[in-house]
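Subject: the two-chain structure

Hi,

Here is the structure I said I would pass on. Have a look at it first, and then read my notes below.

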Amino acid sequence: MGTEGLAEETRPAGILRGYTGALTVVVVFAVVVIVAVAVGALNRRLPATRKTVTVTTAYDTAAVLKDVHGATLVLLDSEPRIAGTEYFSEYLRHEQDPDLPVSSDTVVGGLLMSDRARRVVMYPPKSAWGDVVKLAKGRVGSVTTASGGYRFRLFGEAVDLVPPTVRSGVDGPYVIVVNKRLAAQYDRDWLTDITESSDARLVVWLSGEVAQ
Amino acid sequence: MTTRPKSWLNAWWIPLALFGTSFLLRLFRVESSRQWIEDTVFGGPAANLYSLHGFIGPGPWTSQPGGSLLRYPFGLLFGNDLIGWRMANVLFGALTVVVVYFIARRLFRNYWVGLAAGLLMALEPFSILMSRSTDEDVIAAFFAALAILCALRFLDKELESDLALTAIALSAAVAIRYYMALEWFVVVGVLVWNRRRELRVWGIRFVAYFVLLPPAATLLANLPWLARGHSLGEWVQLQADLLRTFSSAEHPGLRDLQRPMRWILGFPHKTIVAPAGKGSAAMSVTMSNPVVWWLMTPGALVSAWSAVRSRDARRALVAGGFFAPLVFFLLVPRDVMLYSALSILPLGMVFVAGLLSLLRGRRRTVALAVLLVCCVYLYPVVSFLKVPLWPYLWLAGGS
């Protein structure tokens with residue numbers, strides 16, 4: 001009786017007796033979920049109020065955006081780059097030769113490489129949308145979204161191509177990049193609506209020369 | 001006291017010798033860049049890019065990043081070059097041989113079957129070649145095999161530690177390759193069925209280990225990506241996109257299933273018509289390796305038959321567990337053989353060893369050996385393929 005009684009007493013009491021392993025797993029799972037939620041939230045940094053800046057190079061953009069991290073980038077583009085790696089190659093090309101003119105691809109590549117932005121939403125103008133659809137068809141990895149836009153992947157990041165007719169507002173804490181050429185191609189009122197009536201915390205006007 | 005090291009050596013010298021042999025065979029010319037699978041050129045950079053910056057790429061975004069994290073330390077240790085990129089596969093490929101030895105030994109309760117399975121796996125050129133690649137499926141296949149071994153131990157000994165190890169290995173396999181989740185269904189199904197009368201005891205443990213651990217491991221592997229500022233909701237969206245991408249693709253595998261004969265003969269065919277290129281061509285020839293298919297098919301059929309006939313949970317676990325990931329490749333338009341072969345290759349080797357053990361008498365053994373050799377050389381004739389060059393590829397070095 002003696003030894004059996006002692007053994008019983010030293011065991012954990014209650015309904016959890018014998019479930020140490022299972023409990024450990026529950027705790028591990030909870031910790032991992034908390035860390036997964038926290039690590040993303042802690043690494044997102046945007047200006048508290050909306051800021052509008054004008055830059056001329058990708059490097060200037062990165063310097064201006066030093067307080068920004070993990071934002072979604074809204075790119076108003078007339079030539080949708082479905083092959084996302086072109087952003088990176090354009091940026092790297094520019095790094096090799098800083099005299100090259102800055103294009104919107106250079107800026108996007110810079111933002112992504114410096115981790116200022118991690119997802120791209122593109123607004124091609126109406127006139128370019130036909131080409132987007134044509135290019136998108138048959139491309140491996142493309143996903144047709146419910147909104148009518150197309151979603152691609154750029155190094156694991158989503159590239160949403162959204163026609164202005166489908167979504168005309170920016171409703172998140174985004175970074176918007178507009179360049180001179182694009183500004184000329186878009187309807188000015190629509191562009192103003194996008195930048196001013198949105199919740200975007202940062203609007204970047206790129207006024208440098210644009211590569212063709 | 002003095003007998004302890006000796007008894008330890010007696011118990012472990014075979015697995016150690018198998019590991020050493022397998023490791024050296026896989027290490028041989030690992031630095032060669034004469035031939036490679038396409039993944040080689042971006043496998044290493046992808047490991048660095050993901051581990052240091054959380055970028056998923058430059059490989060396909062549909063790949064799970066768990067393997068990149070595992071491969072990254074090997075680059076640090078052995079250099080940021082072909083050797084460093086491939087060393088993880090050399091190690092895990094050699095470890096898979098040891099695991100296969102233990103699975104076969106435990107399954108057939110026969111030392112010689114274990115040794116035969118280990119040797120077959122150690123010398124199999126396809127396994128060697130893939131272990132010289134940077135493809136993460138080699139690592140996933142190791143964890144899948146380890147999960148099977150631990151589950152077998154659990155069925156035999158009913159220890160909670162084995163259950164925990166099964167779940168940990170399975171979770172690691174799933175975090176590296178999602179298609180390993182299909183093995184999850186088989187392993188959990190067999191274990192629950194086997195312990196159906198004791199679910200009050202094991203139920204909570206099953207839920208804790210098999211429901212919570214796999215997503216925890218997958219999330220853990222995705223932390224570098226999440227650390228770039230992504231939310232958990234975006235991660236779920238990414239996984240949903242991934243599934244949608246796969247489900248919206250063509251299903252040539254199902255078409256093949258409708259034609260059983262072509263299915264059997266045409267399996268390697270699929271990869272023979274792989275895209276042109278040095279690496280692809282070499283890979284195609286390797287994957288058409290008839291030794292694999294003509295040895296494995298009878299082994300697998302006999303094992304399935306015996307598992308059903310004997311209602312043996314252990315055999316069902318091994319057969320089903322290894323075959324389950326293959327189902328994924330029948331549903332998506334991928335190079336079926338490249339990945340599924342790695343998953344079911346250990347199975348084939350285990351059961352071929354078992355099949356050989358069924359033969360008693362020298363005549364039957366010789367007859368089987370002759371048959372298999374004929375299969376090896378007749379296979380290219382019946383399937384109109386060129387003679388496979390696997391011995392050349394084996395010796396030639398890198399994959």
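Predicted model: local features only at pLDDT ≥ 70, side-chain atom pairs only at ≥ 80, totals over all residues.

Starting with chain A: among its contacts (heavy atoms within 4.5 Å) with a separation of 6 or more, 75% are between residues 24 or more positions apart. Residues are numbered from 1 along each chain as its sequence is written, chains are lettered from A and ligands numbered from 1 in the order in which they are written, and side-chain values use heavy atoms, with hydrogens and water left out.

**The two chains**

Chain A has 8 helices and 8 strands, where helices (H or I, at least four residues) and strands (E, at least two) are DSSP runs numbered from the N terminus. Of its 212 residues, 49% are buried; that word stands for under 20% relative accessible area, with exposed for over 50% and partly exposed for in between (1.4 Å probe, protein chains only). Chain B has 20 helices and 0 strands, and 56% of its 399 residues are buried. In chain B, 78% of the contacts between residues at least 6 apart in sequence join residues at least 24 apart.

**Cores**

A nonpolar core here is a set of buried Ala, Val, Leu, Ile, Met, Phe, Trp, Tyr and Cys residues joined through side-chain atoms within 4.5 Å. The largest one has 79 residues, and Phe143(B), Leu191(B) and Tyr209(B) are among those with the most contacts inside it. Helix α7 of chain B (residues 137–157) gives the most to this core, 15 residues. Beyond its neighbours within four places in sequence, Phe143(B) touches Leu70(B), Phe92(B), Ala169(B), Ala172(B), Ala173(B) and Ile176(B). There is also a second, separate core of 32 residues, which includes Val68(A), Met122(A), Leu154(A) and Leu206(A).

**Where A meets B**

On the chain A side 34 residues are in contact with 35 residues of chain B. Together the chains bury about 2800 Å², 65% of it on carbon and sulfur atoms; buried area is the accessible area (1.4 Å probe) that two parts lose on being put together, summed over both. In chain A, Tyr19(A), Arg153(A) and Phe155(A) lose the most area to chain B, together 20% of what that side buries.

The interface has 2 salt bridges, a salt bridge being a side-chain nitrogen of Lys or Arg within 4 Å of a carboxyl oxygen of Asp or Glu. One pair to look at is Arg118(A) with Glu234(B), at 3.2 Å from N to O. Arg118(A) is in strand β3 of chain A and Glu234(B) in helix α12 (residues 232–247) of chain B, so this pair joins two chains. Both Arg118(A) and Glu234(B) are buried.

As for which elements of chain A face chain B, α2 (20–42), α5 (104–113), β3 (117–122), β4 (143–144) and β5 (150–154) each supply at least two residues. The most comes from α2(A), with 12 residues.

**Salt bridges within chain B**

Over all chains, a search of the whole structure finds 13 salt bridges. In one of them, Arg109(B) meets Asp156(B) at 3.7 Å, N to O. Arg109(B) sits in the loop between α4 (82–108) and α5 of chain B and Asp156(B) in helix α7, so the pair ties together parts that are 47 residues apart in sequence. Arg109(B) is exposed, at 60% relative accessibility, whereas Asp156(B) is partly exposed at 28%.

Another joins Arg195(B) and Glu158(B), with the closest N and O atoms 3.3 Å apart. Arg195(B) is buried, with a relative accessible area of 6%, and Glu158(B) is partly exposed at 36%.

Asp137(B) lies in helix α7 of chain B and is buried, at 0% relative accessibility. Asp137(B) is linked with Arg71(B), Glu136(B) and Arg177(B) in a network of salt bridges.

Best wishes
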